[in-house]
Each structure stands twice: as structure tokens, then as C-alpha cells.
Amino acid sequence: MSQPLEPTLDTLPHPLMRYFVATRPAFLSVTFVGCLLGLATAGLDGVTLSPLTATITLLFALFAHGGANVVNDYYDAKSGCDAANDDRVFPFTGGSRVIQNGVLSLHEAGIFGYALLAIVIPAGLWLTAVSGPGLIGIGLAGLITGWAYSAPPFKLQSRGLGEYGITAAWLLIVVGSDFVQRHAFSFAPVAAGLGFALLVANVLYINQFPDVNADTQAGKRTLVVRLGVQRARWGYALIALLCYGWVTAMIMLGHLPVVAAISLLPAVASFKAARNLAAHAAQPLALVPGIKLTILAASLHGLLLAVALALAFLA
């Protein structure tokens, strides 16, 4: 099976493209979907949406996600994890490869990653001024989680806590996007966002399987490393069940409209991916279909749920 070519200086002659590729842009789509879902929960409750604050929220959420990706690459390069990853399945696992292939130096990547995270702070302060002081807590929690996922002393992923961090981070994206419009806290974005956040965590989870040998060598005690490949493969289906079970419960309890049941359709993709993982957990290249289905399930679930909420408002 052929894989996409990794970035090199020859293929990225323009400096701006080198930095753009370092953010792993293909994965930023889940942040777009998370913001859209937060706007939809606010809109369903009759909140008049502000195009300006919605756009700024989306833009700087993307900056935060891109910064967290680069910071993750920076610390994985420092630990030697990505350099040792001979089983990587690019572009899904093993990082962006910009450091290992000499596109950016370790120092350049570190400065860039932290700069992206720092840029988010003034935008967050402005959004707080126009929406409410509660956004400070949401924003700080999100930034700290994105940083602590990779960086010492916390290194959440290396302690087997990466899935919890990812779930929290993407739930905060939905809650924060709703808060900026609503100017208050509500259970609505939690009802809509937790299942989506769990599916995003499953993207991280399945991506750990090709990386398990390199992670072990570098001392990264991810959940898959801790459980072992054969036991860990069943965790994927459990996370998916938690997602779709949560959404079903929210519909039955009246926290989500009945039309939100359409967002359960990606369960087909999730459980096809679970079957792929169960059969090929120790075969990195054979996991590509499962990885793609996992990304599809997360994005499609969030989009369908956002559309369902919009339809419920219009009905």
C-alpha cells in the first residue's frame, strides 16, 4: 500500500507552507466541526448568533489546535519518539515529520508552536470582554490541556491520560463556542458535545497502535502501551459505545431533539473501524482504513448533529 510523501525542503520551497504543514492541517477539521456544533446549540435555544465573534472563535480555536499539534511534535522530537518511529503511517501517525526531515529545526518548531498558543490569549481576552468572564475559565482550561497533553511535567499522553485530555479539550471547544454566543453556561453544549469529543478521542486512540513500539522505546506510557496491543484493541469499541450511548440517552431524556438521532448513523463507520482494529491491531499499514473511518465518524457525527439542531430550530 503506497503512502503519501512526507514533507521535505524540496517539496516545500516557500517558508509559509513549511509552517502551515507543521500544524497538521488535515486534522484541524475536527475543531471546525466542534465550533460549528457549539454555534448550533446556542442557535437552537434562540440565541442570535454574531458572525464576528463566531468567526474569531473559529479562527483562534484553529490556532490553538495547530499550536498544540506543533508542540506535540516538538516534545516527541526531543524524546526521540518520532525519529524512532519506523512503523508510522504518515500522515496519520508519527507526527508531521517536519523536524525529522529538516523542514524546520527543533528550535523553530518549538518557537512556532508556543507562538500559536500565545496568539490565542489576546483574542480570548477580547472575546471574554464581549461575552462574559466565564470564558476565561474555558479558555485557560483548553490551553492548559492542549499544552499539558505533550509538555512536561504533566505529559498527559505519556501517562495514559491522553484520551481524557482530548475528550476534555474538544468538549471545551463546543462549550466555549456556545458560551461566546450565549454569554452564559448551559448544559446544552455538554449534551451535544460529549459524544463528539469521545469520537475525537478515538482518533487519538487508534493512532497509538502503529506508534506503540516507538512510544515504548521513548518511555511514552500511552494507554495502548500500558494495556498492550491485544487488550487495548477492545478499548476503541468501548469509547464508541460511550459516545453513541450518551447521544441516545440525551435524546431520550429530552436534552437533544429527536431529529438528532441522525447523528447516530456514523456508528456504522465506528464499528467497521473497530472490526478493522480488532483484526489488524499489530499491523500498522492494515489499520489505514480503520483510521480513515475513525476520522470520518467523528467529523460526520458532529456535522450531522449540528445540522439536526439547526433543523430542530427551524421546525
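These questions and answers cover salt bridges, surface patches and cysteines in a predicted model.

Biologist: How many salt bridges does the structure hold?
Modeller: Side chains of opposite charge can pair when their charged atoms come close. One case is a network that links Glu6, Arg88 and Arg97. For the structure, the number of salt bridges is seven.

Biologist: Which residue forms a salt bridge with Asp45?
Modeller: Asp45 sits in the loop between helix H2 (29-44) and helix H3 (51-79). The pair links distant parts of the chain, 137 residues apart, with the other end in helix H6. The closest N and O atoms are 2.8 Å apart. The partner is Arg182.

Biologist: Is Asp45 buried or partly exposed?
Modeller: Buried means under 20% relative accessible area, and exposed means over 50%. Asp45 has 45% relative accessibility, so it counts as partly exposed.
The Arg182 end has 18%, so Arg182 counts as buried. For Asp45, the class is partly exposed.

Biologist: What is the distance between the closest N and O atoms of Arg182 and Asp178?
Modeller: Both residues lie in helix H6. They are four residues apart, about one turn of the helix. Both Arg182 and Asp178 are buried. Their salt bridge has its closest N and O atoms at 2.7 Å.

Biologist: What is the relative accessibility of Lys220?
Modeller: Lys220 forms a salt bridge with Asp215, with the closest N and O atoms 3.8 Å apart. Asp215 is buried, with a relative accessible area of 3%. Lys220 counts as buried too, because its relative accessibility is 6%.

Biologist: Which element gives the largest share of the nonpolar patch?
Modeller: The patch consists of Ile121, Leu125, Ile136, Leu140 and Ile144, with about 440 Å² of accessible area together. Helix H4 (106-131) and H5 each give two or more residues. Ile144, found in helix H5, is partly exposed at 47% relative accessibility. The largest share, three residues, comes from H5.

Biologist: Which cysteine sulfur is nearest to that of Cys243?
Modeller: The structure holds zero disulfides. Cys243 is therefore in none, and the nearest cysteine sulfur is 18 Å away, whereas a disulfide needs a pair within 2.5 Å. Cys243 counts as buried, at 0% relative accessibility. The nearest sulfur is that of Cys35.

Methods
Residues are numbered from 1 along each chain as its sequence is written. This is a predicted model: local features need pLDDT of at least 70, side-chain atom pairs count only at pLDDT 80 or more; totals for chains, interfaces and linings use all residues. Side-chain values use heavy atoms; hydrogens and water are left out. Buried means under 20% relative accessible area, exposed over 50%, partly exposed in between (1.4 Å probe, protein chains only). Patches are made of residues with over 30% relative accessible area and no salt bridge: like charges are joined within 9 Å, nonpolar side chains (Val, Leu, Ile, Met, Phe, Trp, Tyr) within 5 Å. Accessible areas come from the Shrake-Rupley method with a 1.4 Å probe; for residues, only the protein chains shown count as cover. A salt bridge is a side-chain nitrogen of Lys or Arg within 4 Å of a carboxyl oxygen of Asp or Glu.
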